[in-house]
Amino acid sequence: MSEAEELLTTPAEWDLPPERHRHFKDVLMQQIDHDTAATPRRSRFLRPAVLVPLASAALAGALLVTLSVDGRAPVTGATPSATAAGASVTLNRIATAAMASDAIRVRDDQFVYVRTLERSNTGSFSGPVRLGALHTEERWTSQDPRPLRVTGWLRSSGKDAIMPGQLGPIESTDPVPVGVLHPTYRWLASLPTDPDALLARLYKEARPVEGESPDQAVFSLIGDLIGGAVMPPANAAAFYRAAAKLPGVREIPDAVDAAGRHGIAITLDDTGFATRNEWIFDSKTFALLGSRFYITDPDRGISTEALAGTSAVMKTAVVDKEGEAPARAAAR
């Protein structure tokens, strides 16, 4: 058994948001089999490419195993008050607000910067959820349209951060072309702005993992892209209108992000993995606030929904190089 294969079978001591698990799985599976196609991230709303450096593959492998949640049981327990009709109305209002927002131009030689506040599960793999301390994550996503091995950079700081204070590359063993795994402003601007055409494109781009419905995979993919990228207003509006067409999307009247800000949430239950993600928006301006991630796993003593991760988007900007703080950069 190779070292990478051993990592896939090693019990983990942390749970992380689903999008990280998918990226870790991508890296490790590429090491095992270069012919395996990359799998798009699962989203807790936030980011399209949160990946630890390849040098930290051992840590990634340990964390990966917790993806399981294990997909054995549907989400149980009390379901938040929510309506499908309300979700459609709210998403279309969010789309209207996005369409009216100022456009931010991004050059191919620049980086999209996103700073978030995060709380993740630090409990043991076999035990209950224990949310860790609030910490900061910063990500710089390259806008270079060429296939890249290093598609961005990541830095965490604060208690319970992974590799605190270190600026590490977000990289793959093979060059990644522009697309869902390397979403540049130029690529996003090329996508259809008609919501039906965009939704058809997203169903082709999303790759559900075993037990996941195509609808949930598309919901996760949309969350990845709207939460971690800068795009033209018309494209942002199209993503929200496409999400409104997904069966099962629901509205939650009150949700709180990692910064303590209240807003309205959009959610879609993923019964195949016994998880649920929420996208949280300001109820007046419809600006993106953050997200929450819930799990249910009776085998771990989690018989009702437990909050397993939460985030808050604090700054999105365009900068000229990795590691640069966007003091005077264009921000939203």
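I looked up R186 and found it exposed, at 51% relative accessibility; exposed means over 50% relative accessible area, buried under 20%, and partly exposed in between (1.4 Å probe, protein chains only). The model is a predicted one, where local features need pLDDT of at least 70 and side-chain atom pairs count only at pLDDT 80 or more, while totals for chains, interfaces and linings use all residues. Residues are numbered from 1 along each chain as its sequence is written, and side-chain values use heavy atoms, with hydrogens and water left out.

**Salt bridges**

I next checked what R186 pairs with, and its side chain meets that of D108 in a salt bridge at 2.2 Å, N to O. The criterion is a side-chain nitrogen of Lys or Arg within 4 Å of a carboxyl oxygen of Asp or Glu. D108 is in the loop between α4 and β1 and R186 in helix α5 (residues 185–189), so the bridge ties together parts 78 residues apart in sequence. Helices (H or I, at least four residues) and strands (E, at least two) are DSSP runs, numbered from the N terminus. I noted D108 as partly exposed, at 27%.

I then took R107, whose salt bridge with D320 has its closest N and O atoms 3.4 Å apart. This pair links distant parts of the chain, with R107 in the loop between α4 (84–99) and β1 (111–120) and D320 in the segment after β9 (302–319), 213 residues apart. R107 is partly exposed, with a relative accessible area of 44%, and D320 is partly exposed with 44%.

I counted 13 salt bridges in the structure. A network of them links R250, D269, R276, E278, R292 and E305. Within it I looked at D269 and R276, whose closest N and O atoms are 3.8 Å apart. D269 is partly exposed at 30%, whereas R276 is buried at 1%.

R276 also lies over the face of Y294, 4.6 Å from the ring centre. For this I required NZ of Lys or CZ of Arg within 6 Å of the ring centre and within 35 degrees of the ring normal.

**Aromatic pairs**

I found three aromatic pairs. Rings of Phe, Tyr and Trp (its six-membered ring) pair if their centres lie within 6.5 Å; planes under 30 degrees apart count as stacked, over 60 as edge-to-face and the rest as tilted. F219 and W279 are stacked, because their ring centres are 4.1 Å apart and their planes at 10°. F219 is in helix α7 and W279 in strand β7 (residues 275–281), so the pair joins parts 60 residues apart in sequence. F219 is buried at 0%, and W279 is buried at 0%.

Y240 and F281 form an edge-to-face pair, 5.7 Å centre to centre with 80° between the planes. Y240 belongs to helix α8 (residues 233–244) and F281 to strand β7, 41 residues apart. I logged Y240 as buried at 8% and F281 as buried at 0%.

**Helix α7**

I checked the length of α7 (residues 214–228): its 15 residues should span 21 Å, and its end C-alpha atoms are 21 Å apart, which agrees. The expected span is 1.5 Å times one less than the number of residues.

**Whole chain**

I recorded eight helices and nine strands. Of the 332 residues, 55% count as buried.
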